[in-house]
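Q: Could you show me how to read the places where chains meet?

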Number of protein chains: 4
Amino acid sequence: MKEIKIGLVGTGYIGRCHAIAYAQAPTVFPLKGKIVKEMLAEINDDLAEKKAKEFGFNRYTADWRQLVSDPQIDVVDICVPNFLHKEVALEAIKHGKHVYSEKPLALTVADASEMVAAAKKANVKTLVGFNYMKNPAAQLAKQIIENGEIGEIVHFYGTHNEDYLANPLSPIDWHCKKALAGLGALGDLAAHIVNMAHYLVGNISEVAGDMATVIAERPDPLDPAKRVKVENEDQASALVRFESGVMGVIETSRIASGSKMGLTYVVTGTKGSITYTQERMAELKLYRHDDPVERQGFKTILVGPSHPDYAPFCVSAGHGFGFNDQKTIEIRDLINGIAADDKMWPDFEEGLRVSQVLEAIAHSAHERRWIKI
Amino acid sequence: MKEIKIGLVGTGYIGRCHAIAYAQAPTVFPLKGKIVKEMLAEINDDLAEKKAKEFGFNRYTADWRQLVSDPQIDVVDICVPNFLHKEVALEAIKHGKHVYSEKPLALTVADASEMVAAAKKANVKTLVGFNYMKNPAAQLAKQIIENGEIGEIVHFYGTHNEDYLANPLSPIDWHCKKALAGLGALGDLAAHIVNMAHYLVGNISEVAGDMATVIAERPDPLDPAKRVKVENEDQASALVRFESGVMGVIETSRIASGSKMGLTYVVTGTKGSITYTQERMAELKLYRHDDPVERQGFKTILVGPSHPDYAPFCVSAGHGFGFNDQKTIEIRDLINGIAADDKMWPDFEEGLRVSQVLEAIAHSAHERRWIKI
Amino acid sequence: MKEIKIGLVGTGYIGRCHAIAYAQAPTVFPLKGKIVKEMLAEINDDLAEKKAKEFGFNRYTADWRQLVSDPQIDVVDICVPNFLHKEVALEAIKHGKHVYSEKPLALTVADASEMVAAAKKANVKTLVGFNYMKNPAAQLAKQIIENGEIGEIVHFYGTHNEDYLANPLSPIDWHCKKALAGLGALGDLAAHIVNMAHYLVGNISEVAGDMATVIAERPDPLDPAKRVKVENEDQASALVRFESGVMGVIETSRIASGSKMGLTYVVTGTKGSITYTQERMAELKLYRHDDPVERQGFKTILVGPSHPDYAPFCVSAGHGFGFNDQKTIEIRDLINGIAADDKMWPDFEEGLRVSQVLEAIAHSAHERRWIKI
Amino acid sequence: MKEIKIGLVGTGYIGRCHAIAYAQAPTVFPLKGKIVKEMLAEINDDLAEKKAKEFGFNRYTADWRQLVSDPQIDVVDICVPNFLHKEVALEAIKHGKHVYSEKPLALTVADASEMVAAAKKANVKTLVGFNYMKNPAAQLAKQIIENGEIGEIVHFYGTHNEDYLANPLSPIDWHCKKALAGLGALGDLAAHIVNMAHYLVGNISEVAGDMATVIAERPDPLDPAKRVKVENEDQASALVRFESGVMGVIETSRIASGSKMGLTYVVTGTKGSITYTQERMAELKLYRHDDPVERQGFKTILVGPSHPDYAPFCVSAGHGFGFNDQKTIEIRDLINGIAADDKMWPDFEEGLRVSQVLEAIAHSAHERRWIKI
């Protein structure tokens with residue numbers, strides 16, 4: 001079986017999730033390629049060595065440029081802070097590597113476009129880490145919609161709300177800085193729900209947005225008496241239209257008290273509807289309007305082996321599904337995509353399209369008018 | 001105790017609810033006036049007589065003009081189809097009657113303004129039937145917000161979705177005709193959630209709307225092979241800003257498959273949040289961000305005698321609350337307002353303000369830009 | 001239309017609910033008899049007069065014996081403390097009155113038997129206030145079961161848990177005294193769930209019970225430093241077998257922290273199941289095993305006009321249903337039963353059967369063996 | 001770091017879960033020993049070879065006796081059908097291996113006792129796969145109870161219901177045969193909830209049980225027209241008493257239509273209560289009676305990094321938790337137990353204790369009386 005040699009750049013929160021998924025994937029799925037945890041890069045030798053041992057990588061380096069140019073590496077997995085995605089990706093592409101990048105693809109549409117163009121030119125494969133659409137529940141939603149079980153779609157409502165900055169006294173961090181994060185809640189969170197909207201309903205083609213930096217200043221983490229300016233939005237909302245003409249609303253917030261993982265959606269069709277919240281990631285609610293009126297209601301479907309990509313994890317229904325399991329499905333797509341040319345999606349083009357929507361929302365919020373994508 | 005003589009015009013769906021509430025109110029509440037079900041008007045003598053007997057009214061008439069001019073009547077209760085609200089109200093006001101009107105106050109802002117001006121000039125009291133804000137759960141939400149328990153409000157999301165026209169083959173009815181209904185889902189449903197937003201967060205001052213007539217034609221009820229044009233929107237969404245600057249989103253639909261009574265709201269503050277759905281009208285969910293992190297979560301509060309206006313119905317918590325019970329609280333407000341000059345709200349001015357918001361949403365949807373109220 | 005003259009004895013918590021229901025019923029339902037709120041009895045003239053005015057009764061008395069012997073009275077409605085049910089009922093029966101009694105029918109099986117015998121001999125009609133089975137949701141559950149929609153019943157689990165005495169420092173009250181209450185949680189609460197079990201699944205024929213007085217002593221309300229003995233059970237559980245052989249479990253508690261109105265049931269059949277909690281009294285969850293495996297799940301059905309006894313309250317689905325609305329249905333049964341000989345159930349015989357089950361549970365808990373009813 | 005060489009016997013449903021957990025564990029946790037997937041055993045060479053490749057084991061065998069006697073092996077992991085647990089375990093113990101066995105420990109108390117005695121004598125470490133108590137939500141429940149947050153425990157209600165045999169036409173399988181499964185739902189399912197009860201509340205000391213084989217015969221899988229006798233119970237219920245005197249009820253069923261993973265519990269204390277269902281394995285509901293009465297309610301706590309054993313999987317709260325993640329925690333306990341003498345629980349003694357409770361329930365159901373453990 002073909003070996004796929006991974007070069008992991010960055011081992012923080014999300015790098016760790018990738019590592020767990022790499023560890024799990026070969027046992028869960030009959031992969032078409034053999035994962036080799038070849039090399040990882042961190043900011044210094046000590047950390048890189050420590051993480052290589054922890055994650056089971058063969059080699060490590062304190063210089064990511066060395067990793068992306070290493071002839072052994074097949075795919076560069078980018079888990080560095082968002083502002084570095086572009087630089088690492090372009091360099092990897094330059095060396096002909098396939099690229100698997102965390103979201104958001106880049107801080108700006110301009111950067112994302114450059115990345116798409118480079119990947120296209122170099123003819124490398126790309127994948128963006130929009131893991132929530134890999135969840136069996138999301139795939140089930142997609143199936144239900146494609147089967148026509150809820151008729152023609154007439155409306156989409158989606159959120160990605162969290163509350164990690166809900167407390168006005170939480171010290172400022174990189175999320176709040178334009179140079180490091182680009183957009184605020186839009187870039188960090190809404191990227192996921194826009195991708196989900198694209199996946200379930202089709203591409204968004206027009207938006208009218210609003211946004212606010214509710215907490216204008218936050219304490220300096222080193223000197224809490226000092227206040228530092230927040231440079232991007234805490235929350236945003238947008239009216240959207242899909243290419244099909246379907247209406248929708250997208251909302252996002254990083255100060256939505258109580259939302260720990262508030263990726264939610266309601267998809268309404270002429271014959272039924274679907275509702276979902278990521279906080280109960282192993283269930284989907286389905287309503288069918290053609291049930292007899294006296295037996296109508298939302299049915300709570302627990303994901304199980306009759307749904308996509310669940311059985312490899314567990315053969316019994318309703319036994320639950322975890323965050324890293326989504327990532328494991330993503331890794332399956334990565335390996336099979338590279339080893340056997342299976343479809344790899346969401347690719348950089350989708351990453352760009354998502355960026356275009358997010359930037360259009362921000363732009364619209366300033367211009368106070370509808371913006372076409 | 002002062003007698004308050006009621007003249008009820010219209011005895012259909014909502015007229016019947018009023019009748020149930022008139023029957024129940026004096027036993028539930030220690031009212032400051034004595035309800036006298038004096039006269040009702042219907043479209044013909046037979047129906048009027050039948051309904052007078054059924055609802056326990058002393059007299060009846062087939063001519064509502066006779067009712068509104070009857071010297072005995074203190075308050076005219078308007079439960080006729082929406083397009084007649086204005087005519088009946090103006091005539092009642094002309095005769096110096098207090099007016100209690102169902103929502104929406106009128107089909108247009110122009111009409112609503114005329115009604116407000118007339119009532120002001122005649123110095124009569126007015127009340128509009130936005131009953132959902134009378135619910136103990138809504139009053140509890142208001143209390144929590146006013147107490148500062150969820151901090152400063154930063155976001156409002158509200159819907160009033162139903163699915164009574166979800167089936168594209170449902171025959172056309174008066175809801176779909178401009179002359180009879182004015183706006184579509186906005187007028188019929190969103191009126192409630194806009195009022196609720198005003199009640200909980202303050203007045204809306206600016207909107208950017210979108211809307212769609214998803215089912216452009218519907219079968220003629222008498223000749224199903226024939227299609228008749230739908231003249232107003234099936235669904236609408238709007239970005240809103242409150243006078244305080246708070247951001248929000250309002251949505252409404254009459255084709256929201258699965259939503260039987262989808263008046264819902266999420267109010268987010270700097271210290272917590274509230275969520276509510278009318279389909280579970282006896283409970284409110286409350287999140288407090290200052291709970292210890294390992295004990296944070298939404299608390300499901302069942303309304304009980306420690307909450308506003310519940311104890312008169314039942315002295316035990318969690319025993320439930322019904323639709324007509326809301327209307328009974330509204331009747332209490334009506335009687336005490338007229339008999340003892342207690343505050344009567346939402347009055348015609350609020351009805352007008354709601355109409356202004358709704359019309360602005362529709363206007364904005366056509367103009368594709370933000371509209372100030 | 002025949003007048004049904006009501007004599008109400010007792011105007012506390014539950015008497016008040018009856019009064020609300022009497023007020024509401026004639027507007028809600030096309031009754032077969034005319035309710036006349038003829039007379040009420042309270043412990044002294046002042047209170048009786050006050051309550052007669054509040055509840056709209058024509059006459060009042062401080063002597064219930066005068067009421068039950070009044071020739072005008074058709075039906076005696078017993079809302080006095082439980083320990084007085086028997087005395088008032090027997091006296092009413094002696095005077096040939098129909099009797100509508102709150103639950104539990106009596107403090108002991110012996111007393112209940114005496115009441116049944118007396119009513120039978122006098123050929124008067126009887127009704128016991130097990131109002132929860134009047135709820136449209138409960139009637140829907142019954143329909144689903146009778147239609148065979150969940151196949152043959154194989155198991156019943158039911159509770160009636162509340163937490164009104166959960167706090168060990170709550171002062172002692174009449175509930176805790178044998179002479180006033182008879183059994184503890186069993187008599188006060190479990191009576192309802194046993195009746196519901198009978199209604200949904202059939203009569204219980206055998207029980208094995210356990211029970212405990214968890215808080216052995218409580219503060220004297222007048223002298224909190226003093227402790228007074230609790231004389232009956234705080235909680236009880238029982239294995240039960242129905243006449244059909246079906247297995248089940250019944251539980252009850254008055255110290256079940258968090259249960260405000262914890263009447264719940266799960267009915268399992270060979271083809272599906274039903275779950276219900278009274279705290280969400282307007283919904284029923286239904287699972288059908290013959291749904292395709294990938295679309296199986298519990299469906300949340302909101303009660304609406306397509307379900308029994310909902311439409312008279314409201315013509316729209318999902319608009320909610322309240323505690324007193326159940327009582328209003330009960331009053332409809334009372335009036336139609338007396339005026340037109342419609343079926344009146346649960347009657348005293350059912351009240352007795354419930355008492356037999358409860359007493360058997362308590363007996364079994366002492367004897368530590370199964371007891372046949 | 002010390003190597004812990006695993007010998008896995010059986011690679012079906014649960015063997016696969018173990019394999020996933022072995023793969024994941026070293027990346028998730030900083031283990032105190034190094035997992036070496038040394039050898040696995042299956043029923044023939046082909047399957048064994050296939051599974052060794054799939055699960056990443058170094059060696060394989062078609063003879064489990066070879067595995068348990070292999071000098072390299074440190075711990076024998078028993079994932080064979082239940083009726084073989086004893087034989088494999090005794091043989092492994094004979095060779096001085098530590099033993100990690102799936103539940104139920106054995107088919108009978110006699111067998112389980114023999115296993116406990118052998119392990120004790122050989123001084124080997126033991127662990128039983130009661131994975132549900134490893135869930136962060138269960139550990140949180142334990143913490144809340146131990147902290148006294150819900151006061152003194154007064155009641156436990158627990159179920160483990162599933163519906164894998166709900167359809168009366170599902171063909172007979174090994175679960176239904178005494179020689180292969182021992183007890184029915186009690187052994188297969190209730191083992192988990194009895195262990196959970198022990199974990200959360202303490203040991204059960206007395207039971208009164210009832211049980212039924214509802215579907216007496218099932219189709220022969222090879223000849224559906226033929227019916228084969230079901231030899232053990234489809235469902236069982238028991239009143240229980242804990243050593244502390246606390247009352248409880250345990251229920252189990254394999255025909256509970258709609259329950260896909262119905263391990264649930266309600267723990268009630270004098271100051272609050274906890275409710276949990278495994279179908280929403282990443283949340284726990286907590287009620288505190290000392291909240292102000294107007295703010296009382298069940299709080300839905302989503303597990304997160306502030307709760308036990310969640311952070312190693314994900315640093316953000318509410319991101320979900322999966323079935324195999326529980327098993328990964330169990331593997332952590334196994335490795336750290338063997339490598340560093342950390343506490344390993346539930347051990348064989350707990351497995352025996354659980355068997356004693358289950359057998360006592362079955363015994364009590366036959367004898368129709370309470371049985372002491």
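A: Let us start with a term: a salt bridge is a side-chain nitrogen of Lys or Arg within 4 Å of a carboxyl oxygen of Asp or Glu. Here D:Glu149 forms one with B:Arg295, with the closest N and O atoms 2.7 Å apart. This is a predicted model, where local features need pLDDT of at least 70, side-chain atom pairs count only at pLDDT 80 or more, and totals for chains, interfaces and linings use all residues. Residues are numbered from 1 along each chain as its sequence is written, chains are lettered from A in the order in which they are written, and side-chain values use heavy atoms, leaving out hydrogens and water.

Q: How many salt bridges are there between chain D and chain B?
A: The count is 4.

Q: How many residues of chain D and chain B take part in the contact?
A: Contact means heavy atoms within 4.5 Å. Chain D gives 18 residues and chain B gives 18 residues.

Q: What area is buried between chain D and chain B?
A: Buried area is the accessible area (1.4 Å probe) that two parts lose on being put together, summed over both. For this pair the value is about 1,300 Å², with 44% from carbon and sulfur atoms. D:Glu294, D:Arg295 and D:Lys299 supply 48% of what chain D buries against chain B, more than any other three residues.

Q: And how do I read chain A against chain B?
A: In the same terms: 42 residues of chain A contact 42 residues of chain B, and the two chains bury about 3,100 Å² between them. Among the salt bridges, B:Arg368 meets A:Glu206 at 2.9 Å, N to O.
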